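Welcome! Open the structure in your viewer, get your selection tool ready, and follow along one stop at a time.

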Amino acid sequence: MYRVAKASSARRASQLLSRSLSHSPRSATSTAHSVPSLRLSADGSPSAPLSLLRTITSAASLLKPTPSPTASAGAPAAAAQPAAEPAAPPPPPPDHIEVFVDGKGLYVPKGSTVLQACDAAGIDIPRFCYHPRLSIAGNCRMCLVEIEKAPKPVASCAMPAMPGMKVKTTTPLVKKAREGVMEFLLLNHPLDCPICDQGGECDLQDQSMEFGSDRGRFYGFKRSVEDKNFGPLVKTVMTRCIHCTRCVRFAKEVAGVEDLGVTGRGRDSEIGTYVERMLTSELSGNVIDLCPVGALTSKPFAFTARTWELKATESVDVSDAVGAAIRVDSRGGEVMRILPRLNEGVNEEWLTDKGRFAYDGLKRQRLFAPMVRSQITGQLEVASWPEALEAAAKALVGVKGEEVQAVAGRLADAEALVALKDLMNRLGCDNLRADDGDWAAPAAGDVGGVVDADLRSSYVANTGLAGLEDADVALLIGTDPRSEAPLLNLRLRKAVIGRRAKVASVGPPLDLTFPSEGLGQGADVVVGIAEGRHPFCGALARAKRPAVVVGAGVMRRADRETVMAAVQTIVENAGVVKDGWNGYNLLHLTAGRVAALDVGFVPSAEATLSSKPPKVVYLLGADDIAEADIPSDAFVIYQGHHGDRGASRANVVLPGAAYTEKEATYVNTEGRVQMTQAAVPTVGSARDDWKIVRAVSEVAGVTLPYSTVDQVRERLREVAPHLARIDEVEAPLALSTESMVHRAHGSVLQAPLELPVPNFYMTDAISRASVTMAKCTSARAKQAAQPLH
């Protein structure tokens, strides 16, 4: 009774105190937030203040143990604070909507499909026809899901996600629908799994095991389709085709060629070219990766290996200057196939046919032992490494430094280039140049060469491969991107299709995969644009992001400096270089050219002005140097991995390692530093190129100060610090408009610009040794001689 009375008096006191506070002269709004009430203890004495604000107590907090009186007494201030309200979740972005997948809520961008929402939720939805880089077809019906209030299962790849949509992917209805679709797909599919090259990486195998039934209800004869001849690269077994049309959509939407299509209706539908002919795209091998079954497979790889027998090594393609990311599959000491890797900034997930299929050239015409030309027979004879190194060193030290010339080839890596440059400098030689694959040898008076090796923005593609998609006007000068760099051509096509960009070219007529305007074939067109006399100047002036792409067709001309001066005038007048945008691009042909310029592998001014022929020529994989550029009485040292043109002219042959056999640094045309990895061991007595140069320096008595690959790369960092940042692109500086203008002299020649790549399939020592590339060359020439009417 005493406790009840005391509690009642405490409540009355609290009410009186609250009433008195409410009648205080302070404002009503500040009272609730600034004036705390007093909690009275059982004996009527005031205790800790009590907040008048309402708080929400979660169930989890109710389960927390109550602190002991001892602990609460030690921290009265902490006990007096009210419970903090949970932070409100951030509002969704305005361009997102909320959907529910299997009871899990998430926000996806507006315009997303149900399949993309399920992928974002981490739920695997089977699919055959859907591909994120292709248009939506909805052919296979394998991606069926259940949507609340929908009368039947829907194809998630073609259904847009709507706000509040509730998607179910594991219900009995969905399971039964997928089993039915799989049963129809297997109705006419042959039992070729034991002999199919797709075995082990077949989507139909995997999804039939996971989503299919254990039995079928259809019996009878299976449909049979005649195989098609797509050329020497793609093998067809069309009876296995499930009509997903990925190959058709890739050819039309990505490759930009109308090669494939669907003929017939219903069970008579077939994928083919209608008229038998080879695929004309330089990216045709990608349909092999896209095909979810064994209908389209690699013809060179057919019946050679199973996927589980192969060792995968991530590397970089060196067949062109793009440097696509690749995966080298090997077995033992042999490269069995090459596939693309995902790299959004370079090749996305595509690969050129040359980079994919030229690997058979790695095992043909290889140099496996050192050789020295006999003075008696005049033939190259196999020698030991000490004998070959002694012969090479004797030739180098037997002449003056200015009588030696070093030439770097198309596939030279950065480590070998810096080692050879250091060796030549120690011998007193500064006559360093690249073979004429990209541009001609420096002519008399061309001090420093055509481009300034000290200004990196003058010799790289500053816009970047991915950045070309944002250009609204592109001017191509002396280049054919379809044959020189098909993956760069793909980026330009995306700009034309997606942004309606305007592309014009100066040079021979181009057969690109998108609409382009030919402005003329002569260099005088470039001068006319630079002087503002050409109608195309208006398009450049109106462009917000103009791009200029200069190719090797300019660099091979004798008047290249005058043409390049006009190009830089165009760059300045059209605002090609501005804040946030650098549209000047130099497109190289080879994988080793940018690294050579980065390390300064260029001739000095004295060597350029000198007309004295060299007595010793050191060829570092240089197989494309003109025969007239090597004096007939010169002593030639060839270091490389194939017995090509350079080795046939050599007095000493030093066998090197191919790009699949060494860990080396390459720089692509946009300046991205990348590294190859050793997938297979070297052939015979071959060695890494930088090791050979290091051994020659030691025998010649001018030993280089590094003996490990880490020390060589430390030297690379000293010469060019950006070479240490792998898979990164150094931000371009503003292009100096004075770097070429002051060199202009004379007028341009009347000769038209020429395309530097007459045959896409054979551009270096590896592709020239490839039987597959020879078949492609023959098939393309035969098809060109019999055009369709």
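Two residues are in contact when heavy atoms of theirs lie within 4.5 Å. Keep in mind that this is a predicted model.

**Stop one: serine 697.** Select residues 689–699, which form helix 23, and pick out serine 697 in it. Is serine 697 buried or exposed? Its relative accessibility is 0%, and buried means under 20%, so serine 697 counts as buried. Now show what surrounds it: setting aside neighbours within four places in sequence, serine 697 is in contact with Leu423, Val702, Thr703 and Leu704.

**Stop two: a pair of helices.** Next, select helix 7 (residues 172–185) together with helix 8 (residues 203–211). Their axes come within 10 Å and cross at roughly 140 degrees, so helix 7 and helix 8 are oblique to each other. The crossing of these two helices is left-handed.

Which residues meet here? Show the side chains of Arg178, Glu179 and Met182 in helix 7, and you will find them meeting Leu204, Gln207, Ser208 and Phe211 in helix 8. The residues of this contact between helix 7 and helix 8 divide into three nonpolar, two polar and two charged.

**Stop three: two sides of helix 8.** Stay with helix 8 and colour its buried residues: Leu204, Gln207, Ser208 and Phe211. Turn the view to look down the axis of helix 8: these buried residues fall within an arc of 105 degrees, so they line one face of the helix. Helix 7 is part of what covers the buried residues of helix 8.

Key:
Residues numbered from 1 in each chain as written. Predicted model: local features only at pLDDT ≥ 70, side-chain atom pairs only at ≥ 80, totals over all residues. Heavy atoms only, no water. Axes fitted to C-alpha atoms, helices over the stretch in contact; angles between N-to-C directions. Helix = DSSP H or I, 4+ residues; strand = E, 2+ residues; numbered from the N terminus. Parallel < 35°, antiparallel > 145°, perpendicular 65-115°, else oblique. Left-handed = near helix turned anticlockwise from the far one by under 90°. Nonpolar A, V, L, I, M, F, W, Y, C, P; charged D, E, K, R; others polar. Buried < 20%, exposed > 50% of the residue type's maximum accessible area, 1.4 Å probe, protein only. Arc of directions from axis to C-beta.
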